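Subject: Structure handover

Hello,

Here is the structure I promised you. Please open it alongside this note. My findings follow below.

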2 protein chains.
Amino acid sequence: MAISVEEALRLIREDAVPLGNEAVSLEHLAGRVLAEDLSADRPFPPYDRIMMDGVALNADAFEAGQRIFPVQEFQPAGMSPVTLQSPGHCIEIATGASLPLGCNAVVMYEQLNIKDGAAHILCDDIRHGQHIHPQASDRKQGDIIAPRGFICGAAEVGAAATVGKSTVTVVRQPRIVFVTTGDELVDVDITPAPHQIRKSNAYALGALFGFPTSVSHLPDNRGKLSQFFETASTDFDVIVLCGAVSKGKRDFVPEVLSELGATQVFHGVHQRPGKPMWFGRLGDTRIFGLPGNPVSTFLCGLRYLHAWIGKAQGIPPFVQTARLTEAVTFEPALTYFLQVKLQDGKAIPVPGRGSGDHANLVDADGFLELPADRNHFTIGERFPVHPYRRQSL
Amino acid sequence: MAISVEEALRLIREDAVPLGNEAVSLEHLAGRVLAEDLSADRPFPPYDRIMMDGVALNADAFEAGQRIFPVQEFQPAGMSPVTLQSPGHCIEIATGASLPLGCNAVVMYEQLNIKDGAAHILCDDIRHGQHIHPQASDRKQGDIIAPRGFICGAAEVGAAATVGKSTVTVVRQPRIVFVTTGDELVDVDITPAPHQIRKSNAYALGALFGFPTSVSHLPDNRGKLSQFFETASTDFDVIVLCGAVSKGKRDFVPEVLSELGATQVFHGVHQRPGKPMWFGRLGDTRIFGLPGNPVSTFLCGLRYLHAWIGKAQGIPPFVQTARLTEAVTFEPALTYFLQVKLQDGKAIPVPGRGSGDHANLVDADGFLELPADRNHFTIGERFPVHPYRRQSL
């Protein structure tokens with residue numbers, strides 16, 4: 001009944017649909033996907049913009065031999081452009097100002113002296129248009145700066161401000177709840193009994209996605225599970241369960257979902273870790289049933305939930321690759337997600353410590369995806385890699 | 001008076017000092033730098049943990065020939081381990097449970113049938129310890145999981161939860177205010193006059209750093225600047241000014257700072273863009289005076305403010321590199337920050353549109369840093385690169 005990783009991803013991507021749009025302010029735009037084109041409301045730059053502090057003049061007069069230009073006046077940035085009275089004058093200007101009418105070049109202060117109210121030009125030639133950023137040379141009015149579907153970063157935030165968008169329409173992010181299950185789990189601030197452990201999966205998954213999510217917990221109890229699904233499916237787009245999806249006597253999740261009329265898309269993926277993964281729908285709510293082992297939960301979140309969210313936001317899949325630094329053998333006919341350190345595009349296998357805790361994840365930077373149809377993987381071979389760590393600010 | 005990029009970075013790193021610590025909750029831990037060691041408060045795993053659903057038994061009995069094991073009872077996860085009454089019995093167990101006393105192996109449901117209250121084992125051999133994750137095999141009590149100075153990601157959030165840290169001590173982030181200057185600037189939601197443009201630099205820089213920052217604006221007015229510095233230097237660790245640091249008649253920043261007794265560390269860097277950059281201190285407050293052109297402001301923020309924040313957080317410099325896809329010539333004796341698209345470790349120069357707007361930044365992914373002591377840069381050469389865009393979620 002289990003399916004391949006490729007098939008699981010295909011089904012997940014097929015399932016993921018856009019969640020509609022919402023408006024966000026500039027402060028919250030970074031990381032969001034545009035649901036509208038970001039267009040130039042006016043030319044870029046909107047006027048012939050001065051790029052250097054100095055004087056603006058008419059280069060024809062300079063070419064005709066004039067070297068001393070009386071300063072007509074100072075035109076700061078933010079003032080309507082003044083008009084040059086005669087080609088023999090010049091106008092002191094500031095970076096960012098609009099080119100005075102009648103001028104066609106700028107000479108920077110480094111290339112002139114101002115004495116007795118006149119600019120003495122020291123350079124040997126002046127190019128027409130020098131130090132002027134011509135109107136519309138970057139973008140014409142109406143040009144698309146960033147099209148819908150673009151992932152906004154800091155540059156797009158700046159561009160949005162420039163074109164007067166104090167709020168921007170973006171693709172809505174899914175409302176997700178991460179739910180830990182298991183009677184062996186206690187709260188983080190509790191000292192566990194010897195046979196208990198603390199809840200950690202939901203926090204790790206929440207941090208993996210970096211946008212507001214909810215965290216909840218359920219005991220291994222059929223009634224509580226059922227009740228939770230009915231409420232949560234109206235509040236959330238996605239319910240992510242950590243645990244209770246395997247073959248254990250109290251792994252009630254698949255059974256309870258079936259009773260509630262949920263559609264099972266798949267149960268079981270030919271992979272390690274994370275083999276018992278369940279995926280389906282309850283009404284419009286998507287349900288990811290992830291195996292409860294911390295490394296399994298984490299891998300399934302990184303590989304599958306990530307793919308679903310990406311597709312629902314309209315982001316094309318982006319898969320990095322890395323080269324193995326040593327040979328690896330893995331006998332089972334499963335896709336093997338190998339924990340690796342990442343360095344300059346190289347994937348260094350992390351000695352396995354078993355199907356471990358979050359401490360194992362701390363030791364690595366990502367998972368290298370070794371395909372199911374082979375058992376031996378040689379030094380220098382390149383495979384897809386799924387990193388979960390940034391190496392700088 | 002201008003200095004090299006290398007010298008500017010050296011002075012900025014030398015200046016950056018730790019800002020003290022603060023406690024954050026698990027939900028806000030990702031992206032922060034640990035100011036305490038994250039240690040195992042108990043062994044990892046804390047008990048011999050069952051890794052498969054099935055039965056726990058004594059492998060010696062199996063080796064002696066026994067294949068049918070009466071089920072003594074079911075021990076779910078979260079229960080104190082029960083004791084095997086005799087080596088001939090077995091105990092049904094769930095993943096995550098503590099190994100029952102007297103058992104030394106687990107057989108998964110896939111390799112047995114349960115009939116009339118007894119487990120009929122179907123496999124040919126059972127390894128001592130199979131499907132048991134031994135106590136302390138990942139970490140011993142007191143082991144450091146992640147040392148102080150570590151940048152926390154989702155894995156560390158999970159690890160912190162596991163060891164019972166609902167709040168964690170991390171390095172404090174700087175309180176930063178980004179200030180636009182220039183009388184040509186109007187608010188984002190205003191329709192500018194032909195000679196005006198909207199404020200955008202402060203939003204772009206704020207988005208670049210991704211943690212709470214403030215945004216402010218100042219007119220080109222000596223008194224207002226002076227007044228602002230006196231107030232802001234008590235509220236902020238870092239003041240970042242966009243504009244008013246060059247040689248223009250209203251570039252009052254260096255002068256006003258000097259009057260207030262500020263220490264100038266440097267003014268001017270041999271680079272394009274961003275040559276007029278100013279850096280110094282007013283009391284304990286650091287002041288970055290960045291040239292106001294959007295591309296200059298952005299580059300200086302990405303290269304210098306980023307370096308200061310990184311050092312103040314104790315993060316070692318991390319510089320990626322990329323290979324040029326075409327030859328580039330740049331004659332001035334300046335470090336040239338070339339705008340590039342990034343693809344698979346390759347840097348594709350973006351045709352310059354002049355010293356542009358944020359629209360130019362949208363067209364590229366980062367800046368390639370071409371050193372000042374050369375003018376010609378050949379295809380395939382590798383240089384440091386400063387990306388400002390993520391390519392996936």
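Two strands count as paired if DSSP finds at least two bridges between them. With that in mind, look at strand E25 (residues 346–349) of chain A: two bridges join E22(A) to it, and the two strands run parallel. Within E25(A), A:Lys346 is the bridge partner of A:Arg323. Please keep in mind that this is a predicted model.

**Around E22 in chain A**

Strand E22 (residues 320–324) of chain A also pairs with strand E28 (residues 382–387) of chain A. Here four bridges join the strands, and the direction is antiparallel. Opposite A:Thr321 stands A:Pro384 in E28(A). Strands of a sheet pair through backbone hydrogen bonds, either parallel or antiparallel.

**Domains of chain A**

The domain assignment gives chain A four entries:

- Domain 1 covers 5–19 + 173–312.
- Domain 2 covers 21–42 + 145–171.
- Domain 3 covers 49–133.
- Domain 4 covers 320–387.

How far apart are the centres of domain 1 of chain A and domain 3 of chain A? Taken over C-alpha atoms, 67 Å separate them.

**The six-stranded sheets**

Chain A has an open sheet of six strands. The order is E7-E4-E6-E5-E9-E8, and the pairing is mixed. Strand E7 (105–108) and strand E8 (112–115) of chain A stand at the edges. Each has a single partner strand, so one side of each is left without a neighbour in the sheet. On average, neighbouring strands of this sheet are turned by 40 degrees against each other, direction ignored.

The partner of E8(A) to look at is strand E9 (residues 118–121) of chain A. Four bridges join the two, and they run antiparallel. A:Asn113 has A:His120 in E9(A) as its bridge partner.

Chain B also has an open sheet of six strands, in the order E7-E4-E6-E5-E9-E8 and with mixed pairing. Its edge strands are strand E7 (105–108) and strand E8 (112–115) of chain B, and each pairs on one side only. From one strand to the next, the twist averages 40 degrees. For a parallel pair, go to strand E5 (residues 68–75) of chain B and strand E6 (residues 90–93) of chain B, which pair over three bridges. There, B:Phe74 has B:Glu92 in E6(B) as its bridge partner.

Start with chain A. Helix H1 (residues 5–15) of chain A packs on helix H7 (residues 294–312) of chain A at an angle of about 35 degrees. Their axes are 8 Å apart. The crossing of H1(A) and H7(A) is right-handed. From H1(A) come A:Ala8, A:Leu9, A:Ile12 and A:Arg13. They meet A:Tyr304, A:Ala307, A:Trp308 and A:Lys311 in H7(A). By class, the residues of this contact are six nonpolar, no polar and two charged.

Now chain B. Helix H1 (residues 5–15) of chain B and helix H7 (residues 294–312) of chain B pack at about 35 degrees, with axes 8 Å apart. The crossing of H1(B) and H7(B) is right-handed. B:Ala8, B:Leu9, B:Ile12 and B:Arg13 make the contact from H1(B), with B:Tyr304, B:Ala307, B:Trp308 and B:Lys311 from H7(B). These residues divide into six nonpolar, no polar and two charged.

**How the two chains relate**

**Where the chains touch**

The contact takes 90 residues from chain B and 90 residues from chain A. Several elements of chain B each supply at least two residues to the side that touches chain A, including strand E11 (144–146), helix H4 (201–209) and helix H8 (358–363). Which element of chain B gives the most to that side? H3(B) does, with eight residues. By class, the side of chain B that touches chain A has 39 nonpolar, 32 polar and 19 charged residues.

Finally, 100% of the interface residues of chain B are also interface residues in chain A, so the copies meet through the same surface.

Best wishes

Note on methods
Residues numbered from 1 in each chain as written. Chains lettered and ligands numbered in written order. Predicted model: local features only at pLDDT ≥ 70, side-chain atom pairs only at ≥ 80, totals over all residues. Contact = placed C-beta atoms within 7 Å. Axes fitted to C-alpha atoms, helices over the stretch in contact; angles between N-to-C directions. Left-handed = near helix turned anticlockwise from the far one by under 90°. Nonpolar A, V, L, I, M, F, W, Y, C, P; charged D, E, K, R; others polar. Domains from an automatic or database assignment.
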